[in-house]
Amino acid sequence: MNLDKIRILGSSFTEDEYQLYGFDRLEDPADAMRYLSHRQNHEIYRPAVNRGYQQHLLEDKWVSQLFLNALGIPVPKTYGLFHPRFGITPDGSPMRTPEHVASTLERHLPSRFVLKPRGGRQGHNIIVVKLRRGVDGSIQTEHDGQSMPLTTFLANLPNDAFGDYGGCYHGWLVQDYLQQHDFLGHINPHTVNSLRVVTFIDTNDEIRIPHAVLRLGREGSAADNWDKGGLSVAVDQNTGTLGRGVFKIRYGGDWVSEHPDTSVHFEGQQIPNWNSILDICKRAAATMSGVRAIGWDVALTPSGPVIIEGNSTWGLPVLQVHTKGFLTDETRRELELLGARFPDRPRPLPAALVALLVYQWRRSRGPRLMAALRERIGSTFHLV
């Protein structure tokens, strides 16, 4: 490991970030400090920018859908929240049993619907289900090559899908499956491909859009998330023009200009209705003014953009990988007004080595040692 790499890793970056952002190609290691690390994001940026408890409204997808819909902002049609005790439809009817869900869906009978955890994130546990009418008139599901009655399928949903956000949100959102615009369906028809558009409310209360990417899913996946092997594609936030796409490091980290499953070339193409997409994100951001930075997931349908959800803890790497660093001079000045300051030089070598050792100890031996001490000492002392 060269000395510059040690200084960069010792300045809060991980090995994955070092590879993803191409720090090995930097002539000056100080240029790495234009990038915001994952640890800085969680420890400095988000606490300074998203201080309000309003961000919990975004975590609760059921409540946020009802809230945005009530304000006239387009969201997916939500049939209700399925939960054995708290299940309910938007009009107040119960949705506590598989039969309740079946009765609701029978009135609409969509060809497909989506189940997602009320507090899920990063595409975890999203289930896309096909529906059809059986020969006996019952509603049948098709999922993962299996066919069964809808009520049977719902009765066997996994019980371990609610661990995100500390397991605070229970139940499944039952939503319509969105039909996407032909422009995106041509590039990748296997998933609903969404845009991640970041809104930022500055200290003058102006809503700006500093970053945007298109996420393209892969064949065989229910979601388009980068963490699920999808592509992150650069988007010029001013024009909606697509740049190159990149896979996450764990999926190879390759840069491409065409979709690997369809061979459709997307670089240089312009997303339709781009101004409408920006407008809907700014309208949504204005309703959540207590959260300055939000990553909006937007689907483009034949009738216009639809906000799938908003995220106060939006993924930084999926956006930053397409830039020369999140911490531009302008961004630094704005963040300093909010109390967030970031170093502009890597740590000196001795300090970087110490920081790396401390970090590795905390990740490996530290938690095990503290657990052993607690077990041995019991409740005599309170160890922090």
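Rings of Phe, Tyr and Trp (its six-membered ring) count as a pair if their centres lie within 6.5 Å. By that criterion, a search of the whole structure, which is a predicted model, finds eight aromatic pairs. The structure also holds 11 salt bridges, and its largest nonpolar core has 36 residues.

**Aromatic pairs**

- A pair of aromatic rings is described by the distance of the centres and the angle of the planes.
- The ring centres of Phe-13 and Phe-23 are 5.2 Å apart and the planes stand at 85°, so this pair is edge-to-face.
- Phe-13 belongs to the loop between α1 (3-9) and α2 (15-20), while Phe-23 belongs to the loop between α2 and α3; the two residues are 10 residues apart.
- Phe-13 has a relative accessible area of 2% and is buried; Phe-23, at 2% relative accessibility, counts as buried too.
- Another edge-to-face pair is formed by Tyr-45 and Phe-326, with 5.4 Å from centre to centre and 90° between the planes.
- Because Tyr-45 lies in helix α3 and Phe-326 in the loop between α10 (317-320) and α11, this pair ties together parts that are 281 residues apart in sequence.
- Tyr-45 counts as buried at 4% relative accessibility, and Phe-326 is buried with a relative accessible area of 7%.
- Phe-13 and Phe-23 also belong to one aromatic cluster with Tyr-18, Tyr-21 and Tyr-35.

**Charges over rings**

- Tyr-18, a member of that cluster, has Lys-5 over its face, at 4.8 Å from the ring centre.
- Arg-39 places its charged end over the ring of Tyr-359, 3.8 Å from the centre of that ring.

**Salt bridges**

- Glu-106 and Arg-133 meet through their side chains in a salt bridge of 2.8 Å, N to O.
- This bridge links distant parts of the chain, with Glu-106 in helix α6 (residues 98-108) and Arg-133 in strand β3 (residues 127-133), 27 residues apart.
- A salt bridge of 3.2 Å, N to O, joins the side chains of Arg-215 and Asp-297.
- Since Arg-215 lies in strand β8 and Asp-297 in strand β12, that bridge ties together parts that are 82 residues apart in sequence.
- Arg-215 and Asp-297 are both buried.
- The side chains of Lys-248 and Asp-227 form a salt bridge of 2.1 Å, N to O.
- Lys-248 is in the loop between β10 (242-246) and β11 (255-256) and Asp-227 is in the loop between β8 and β9, so the pair ties together parts that are 21 residues apart in sequence.
- Lys-248 counts as partly exposed at 22% relative accessibility, whereas Asp-227 is buried with a relative accessible area of 19%.
- Through shared partners, salt bridges join Arg-196, Arg-215 and Asp-297 into one network.

**Nonpolar cores**

- In soluble globular proteins, nonpolar side chains tend to be buried together.
- Within the largest nonpolar core, the residues that touch the most other members are Leu-195, Leu-242, Ile-271 and Trp-296.
- Two or more residues of this core come from each of α4 (55-59), α8 (182-187), β7, β8, β9 (231-235), α9 (274-287) and β12 (293-301).
- The element that gives the most to this core is α9, with seven residues.
- A second, separate core of 34 residues includes Met-33, Phe-326, Leu-327 and Leu-356.
- Leaving aside residues up to four places away in sequence, Leu-242 touches a set of residues including Phe-183, Ile-187, Leu-214, Val-233 and Phe-266.

**Helix α11**

- In helix α11 (residues 329-337), the buried residues are Arg-332, Glu-334 and Leu-335.
- These three are on the same side of α11, because they cover an arc of only 165° around the axis.
- The other side of α11 carries the exposed residues Asp-329, Glu-330, Arg-333 and Leu-337.
- The buried residues of α11 pack against α3 (38-49), β7 (194-201) and β8 (207-216).
- Gly-339 follows α11 and has a positive phi, near 90°.

Terms used:
Residues numbered from 1 in each chain as written. Predicted model: local features only at pLDDT ≥ 70, side-chain atom pairs only at ≥ 80, totals over all residues. Heavy atoms only, no water. Buried < 20%, exposed > 50% of the residue type's maximum accessible area, 1.4 Å probe, protein only. Helix = DSSP H or I, 4+ residues; strand = E, 2+ residues; numbered from the N terminus. Arc of directions from axis to C-beta. Contact = heavy atoms within 4.5 Å. Core = buried A, V, L, I, M, F, W, Y, C linked by side-chain atoms within 4.5 Å. Phe/Tyr/Trp six-rings, centres within 6.5 Å; stacked < 30°, edge-to-face > 60°. Lys NZ or Arg CZ within 6 Å of the ring centre and 35° of its normal. Salt bridge = Lys/Arg side-chain N within 4 Å of Asp/Glu carboxyl O.
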